[in-house]
Amino acid sequence: MEYVRLGRTGMKVSRICLGCMTFGEPNRGRHPWTMGAEQSRPIIRHALEAGINFFDTANSYSDGSSEEIVGGALRDFAKRDEIVIATKVFNRMRPGPNGAGLSRKAILHEIDQSLKRLGTDYVDLYQIHRWDPGTPIEETLEALHDVVKAGKARYIGASSMFAWQFAKALHTSERRHLTRFVTMQDHLNLLYREEEREMLPLCRDEGIGVLPWSPLARGRLARPWGQATARIETDDFGHQLYDATEQADRAVADRVAQVAAQRGVPMAQVALAWVAQHPGVTAPIVGASKPQHVDDAVAALKVNLSPEETALLEAPYVPHAIAGQ
């Protein structure tokens, strides 16, 4: 396993981050394809054995049960100081006017709830899950600053938003001498490359660690096009992200299959290698429902795509509407 600094921080993370949305009780939340603790724990342990030290979850995944499962497994299988735990805040967690968002009230409540579910005194990376248009960014940043100063988070990060919003947040934190975002978790894969226009250049210029989510396009780049899975069939968010451009996306997926066949490796390794080798990317966030998925993710780090292969993979891409924010 390779380890790199997270943005400009001194903390080192594995070049693969295990995305933990897959882990959660199926009867909690909106994702019937998730796996309960008994199925999830062996995969988390396998990831640790493969050298992965970076785990990303969120308070809203399966109504908090993802944090519970991940926290319990990491307590049993790893030493706290040797792993990096990331979680998020923004999505609705309870009824009522203050049950979601990035107000000071919401953030200070939700960090304590996340720590309780994770069974830890702190998280290494506390991320805003989306931009909150209803809360001044100054209020959000001041609350996150206090979370860090209280020792409940080591660093803070952001997720999918427009580049102008992220630039505003970075400027505000500097102007007010507040804790600065060190990461951007954004939507990037061979089927969706709109982040290349503004967000990725901004992150490279500012030294922000980039943690792409859905690097395999919700599994669409891991298998022959049109091959259904339980997640693809029931993932409403995934349909919003990709189905509107199915014909163009299929051409890209066919190129992934072509390169994979020439190399004799699974499609997932080729698609993930493209993301991992993208300039500025720190660690793709990879979900796994089988140990083999972890093995493919780790193996992808050794797939060095040639300029010709990269050009072949990228050629069919067409501009997409903004998705995932």
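This is a predicted model: local features need pLDDT of at least 70, side-chain atom pairs count only at pLDDT 80 or more; totals for chains, interfaces and linings use all residues.
User: Which residues of α3 meet α2?

Analyst: The α2 side of the contact consists of Glu-67, Glu-68, Gly-71 and Arg-75. The residues of the contact divide into one nonpolar, two polar and four charged. On the α3 side are Ser-114, Arg-117 and Leu-118.

User: How many of the residues of α10 are buried?

Analyst: Buried means under 20% relative accessible area. The buried residues of α10 include Met-267, Gln-269 and Trp-274, and they pack against α9 (246-263), β10 (285-287), α11 (291-300) and α12 (307-314). The helix is mostly covered, and its count of buried residues is ten of ten.

User: Within what arc do the buried residues of α11 fall?

Analyst: In α11, Val-294, Asp-296, Ala-297 and Ala-300 are buried. These buried residues pack against β3 (17-19), α1 (37-49), α10 and β10. Seen down the helix axis, they line one face of α11, because they fall within an arc of 160°.

User: Is His-177 buried or exposed?

Analyst: His-177 lies in the loop between α5 (163-175) and β8 (181-185). Its phi is near 60°, a positive value in a residue other than glycine. Exposed means over 50% relative accessible area. At 69% relative accessibility, His-177 therefore counts as exposed.

User: Is Arg-218 buried or exposed?

Analyst: Arg-218 is in the loop between β9 (209-210) and α7 (230-234). Arg-218 is not a glycine, but it has a positive phi of about 55°. With a relative accessible area of 12%, Arg-218 is buried.

User: What is the relative accessibility of Gln-185?

Analyst: Gln-185 is found in strand β8. Not counting residues up to four places away in sequence, Gln-185 touches Asp-56, Lys-88, Gln-127, Ala-158, Ser-159, Ser-160, Leu-211, Trp-213 and Ile-285. Gln-185 counts as buried because its relative accessibility is 3%.

User: How far apart in space are Met-161 and His-129, C-alpha to C-alpha?

Analyst: Met-161 is found in the loop between β7 (153-159) and α5, and counts as buried at 2% relative accessibility. Leaving aside neighbours within four places in sequence, Met-161 is in contact with residues including Ile-128, Trp-131 and Phe-166. Met-161 and His-129 are 32 residues apart in sequence, and their C-alpha to C-alpha distance is 9.4 Å.

Technical notes
Residues are numbered from 1 along each chain as its sequence is written. Side-chain values use heavy atoms; hydrogens and water are left out. Contact means heavy atoms within 4.5 Å. Helices (H or I, at least four residues) and strands (E, at least two) are DSSP runs, numbered from the N terminus. Ala, Val, Leu, Ile, Met, Phe, Trp, Tyr, Cys and Pro count as nonpolar, Asp, Glu, Lys and Arg as charged, and the others, Gly among them, as polar. Buried means under 20% relative accessible area, exposed over 50%, partly exposed in between (1.4 Å probe, protein chains only). The arc is that of the directions from the helix axis to the C-beta atoms.
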